[in-house]
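Subject: Two-chain model, handover and notes

Hello,

The structure is below, followed by notes on what was found in it. Please read them with the coordinates open.

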Amino acid sequence: MNTLKRILLVEDSIKDIELTLEALDEHKLANEVVVTRDGTQALDYLMSRGNFTGREPGPPVVMLLDIKMPKMNGLEVLRVVRSDEALKKIPVVMLTSSREEPDLAAAYELGVNAYVVKPVDFQQFAHAVSQIGAFWAVLNEPPPTTTNAIITHDH
Amino acid sequence: MSWGKGPRAPYPVHTAVVVNIPADNELANRAAQVRGGCGTIVTFVKISFAKPGLMPITPTRAIGPDFATRRTRGVGYGAGEVLKRLPIRQRITLIVLLTTVVVMVLTCGATFGFELVSFRKALVKQLATTSEIVALNIPGTGSDAERERAFQALSTLRAYPDFVTAAVYDLNGRLFAFYPDKAGPDGIPTTPHAIGYRFTGSVLDGFQPLHKDDRQIGTLYIKLNAWPTLSGKIVTSLQLALGVMSFVFVVAYLLSWRLQKPISGPIRRLAEAARAVSERNDFTVQAPRETDDEVGLLTDAFNQLLAQIHAQKAALDEHAIVAITDPQGRINYVNDKFCAISKYSRAELLGKDHRIVNSGSHPKEFIRELWTTIANGHVWKGEMRNRAKDGSVYWVDTTIVPFLNADGKPYQYVAIRADITQRKQFELELRELNQNLEERVLERTMQLEQVNKELEAFSYSVSHDLRAPLRHIAGYTGLLVRSDGDHLSEKGRKHLTNITHSARQMGALIDDLLVFSRMARAELKPARVALDSLVDESIESLAQESHDRRIEWIRHPLPEVEGDRAMLRQVFVNLISNAVKYSRPRDPAVIEVGATNHSDSEWTIFVRDNGVGFDMEYSHKLFGVFQRLHLDEEFEGTGIGLANVHRIVTRHGGRAWAEGKCDAGATLYFTLPKAWRNTA
């Protein structure tokens, strides 16, 4: 039975959010996309706490992570996620406009699954996003969760 | 004391008895070390040395007091050796006298001998004559009356000088008569012997035949004792000889004394000059040239040598500061420059320990090492800081040369120095300057690093923050097309396309600018790079763009060079992508990559295409930032690519240039030095 595949989009720019959603929507990947506008919110979501206490349980099949965000940037979020026992298996794709080598190096050092630079050209951008979605949300097998168990965090 | 062997062995031999003589020169003392023989000889020698007229000049290490000791070594004990030690004046006199005496003795001896022989001959002759006369007075040898007559005749001989006895023999050889008759016939031979008178020792006797009417009637015998006469004669002769010899001796002595002056005089004066030189270290002394013989030659040579030494010394004094000390470090000699630089007068320096100019700026080990080196007979070189009389310090570049005697031990140290105070000052200043410089360089480097870091941060944020809005522009334009593209007019759709293109263009520009700035800033990471592999990578990276075209690649082997791999790859990527881009109208496009080796110091690499080429008139603009020679519609591009190439190549120490012809392709050249040079 197909559980609803959920994508977590962590992005601060409203315009980028809109563009990304449009791109995802174009190919009707029929996923639920959860959007958080900064790193702390993303972690709250992942750990089902704060604003997201009592959300639908289950990890997203992929987390699209921007780097440049206020408060907590993408790399910091990545570090936290990768060091958390429960969260570390979640696939993370860096989706950012930075091609800078330090960012690349740091991201892979922290164990990111993929690093995609957002193309300026819209066609290319849309193509990239849909490819990401198609791969992670459709083709890829997500890491197994304990059968029928609901992941909760006691906070 | 040991026992020596010699002509009159054995006799006691003293080893190295130093004779104290009243000479100033220490060297004369050393020269007087003699192996003393018999006391008399030592005394003799001592006297002669009281006049130090023949001291050698202060010798250098080369000849050393060896020279002096060699003179005194192996002293013999015969008169010949003694002779060698007399002053010339006395020796000449002695020789003349000796010659005179010998000559005299020989002459007198010869004369005397001759005289004696003649005298004896005369005596014999005289006696013979006398005996003949007496023989005439002897009538016969028969009767007594004849005996009486014979006796009378014989008795007349009593007046004859040295008469001893006479006798007559008869025909039969029997004694007939003799005189004097009182003593008896002793001392008279019993029979006559040979005729003739002869000497036997100092006795003169002999036989004379007696004749009467031409017939022998007997023999006459006379005996004389010539000793008194002879001895008298000898005594007289000796007295005469002695007298003459004494007189001659005196004359000879006076003559020789007078005559040796022209010989020994010049020699003595030469020796005096030499002594003056060695005692006073005064090389301006010149010995007077008095004769034209060997001594004159010697004098000339001596004077020349002296002049040369003096000149050399003067030359040395022109440049160097010279001091001579004894083995304990007491100053024996200083030249003017020493006085000048140390600000002491000569009188204040002579006899003092050299420590007087110590400034105490050198550690004990330094001084100890110095003394150890020179005490062992080795030359020491170094720089020293000394103190002058007024307390000021000066630096000297010092060489200390020990002068060694025959035993290899130093007997004096000659220190030759040069004033390097100025140089030391400069050195100090230079070091300070360098230090300053280093500090400033460090400061500047830190500043630069700071700037770099800031630029890094700047470009980072630029790349990120500039792209985002661009993306949005492009994005929303795209969405607009998607959502309402159908409702738009042709023109409207074209506008949207233009917006998209512009956004894309700006994106490319930002990317290129970032690359360019990174290339300018980044540190070169030199490594051995195989250029062929870079070409391979470049071609591969362009594979997608060129997959639908026919491109002929002409590849010549490229060398391995020293450089930054990433940057050099960028060069090839740019050049080859340019070649691919500008040969788009060609089918097939021919792109050639190769290298030439014209120069010893650098490689020349080229990328040639058969594309649209360019007008050489604008070739100087090719490598400028954002400079393009074509329109956007013709060929896309930001105008950064070649600027990048130029920047990278220059940083590697090479040059870049291009040749082209409109519509006939272009060749881009660049050089890379064979030896790694960081001209970053």
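Which elements of chain B do the buried residues of H6(B) pack against? They pack against helix H5 (88-136), strand E3 (163-170), strand E4 (175-179) and strand E7 (215-225) of chain B. Buried means under 20% relative accessible area, exposed over 50%, and partly exposed in between, with a 1.4 Å probe and protein chains only. Contact means heavy atoms within 4.5 Å. Helices (H or I, at least four residues) and strands (E, at least two) are DSSP runs numbered from the N terminus.

Conventions come next. This is a predicted model, in which local features need pLDDT of at least 70 and side-chain atom pairs count only at pLDDT 80 or more, while totals for chains, interfaces and linings use all residues. Residues are numbered from 1 along each chain as its sequence is written, chains are lettered from A and ligands numbered from 1 in the order in which they are written, and side-chain values use heavy atoms, with hydrogens and water left out.

Chain B

The secondary structure of chain B consists of 17 helices and 19 strands. Of its 680 residues, 39% are buried. Among contacts in chain B with a separation of 6 or more, 59% are between residues 24 or more positions apart.

The buried residues in H6(B) are B:Ala150, B:Ala153, B:Leu154 and B:Ser155.

B:Glu290 sits in the loop between helix H7 (227-280) and helix H8 (294-319) of chain B. Its relative accessible area is 38%, so B:Glu290 counts as partly exposed. Leaving aside neighbours within four places in sequence, B:Glu290 is in contact with B:Pro266 and B:Arg269. B:Gly265 is 25 residues from B:Glu290 in sequence, and their C-alpha atoms are 8.9 Å apart.

B:Cys339 is buried because its relative accessibility is 13%, while B:Cys662 is exposed because its relative accessible area is 53%. Over all chains the structure holds zero disulfides, a disulfide being a pair of cysteine sulfur atoms within 2.5 Å.

Chain A

Chain A has five helices and five strands, which follow the pattern β-α-β-α-β-α-β-α-β-α along the sequence. Of its 155 residues, 50% count as buried. For contacts between residues at least 6 apart in sequence, 66% join residues at least 24 apart. Chain A exposes about 7,900 Å², and carbon and sulfur atoms account for 53% of that area.

The five strands form an open sheet with parallel pairing, in the order E2-E1-E3-E4-E5 (chain A). Strand E2 (32-36) and strand E5 (114-117) of chain A are at the edges with a single partner strand each, so one side of each has no neighbour in the sheet. From one strand to the next, the twist averages 20 degrees. Two strands pair if DSSP finds at least two bridges between them.

Strand E3 (residues 62-65) of chain A runs parallel to strand E1 (residues 6-10) of chain A, joined by four bridges. Bridge partners here include A:Ile7 with A:Val62 and A:Val10 with A:Leu65. Three bridges join E3(A) to E4(A), also in parallel, and A:Leu65 stands opposite A:Met94 in E4(A).

In a regular strand the side chains alternate between the two faces of the sheet. Both faces of E3(A) are covered: A:Val62 and A:Leu64 are buried on one side, A:Met63 and A:Leu65 on the other.

Helix H5 (residues 122-139) of chain A lies across E1, E3, strand E4 (92-96) and E5 of chain A, at about 170 degrees to E4(A). Axes are lines fitted to C-alpha atoms, for helices over the stretch in contact, and angles run from 0 to 180 degrees between N-to-C directions.

A:Ser13 lies in the loop between E1 and helix H1 (14-26) of chain A. With a relative accessible area of 17%, A:Ser13 is buried. A:Ser13 and A:Arg37 are 24 residues apart in sequence, with 7.6 Å between their C-alpha atoms.

Regards

Notes
Accessible areas come from the Shrake-Rupley method with a 1.4 Å probe; for residues, only the protein chains shown count as cover.
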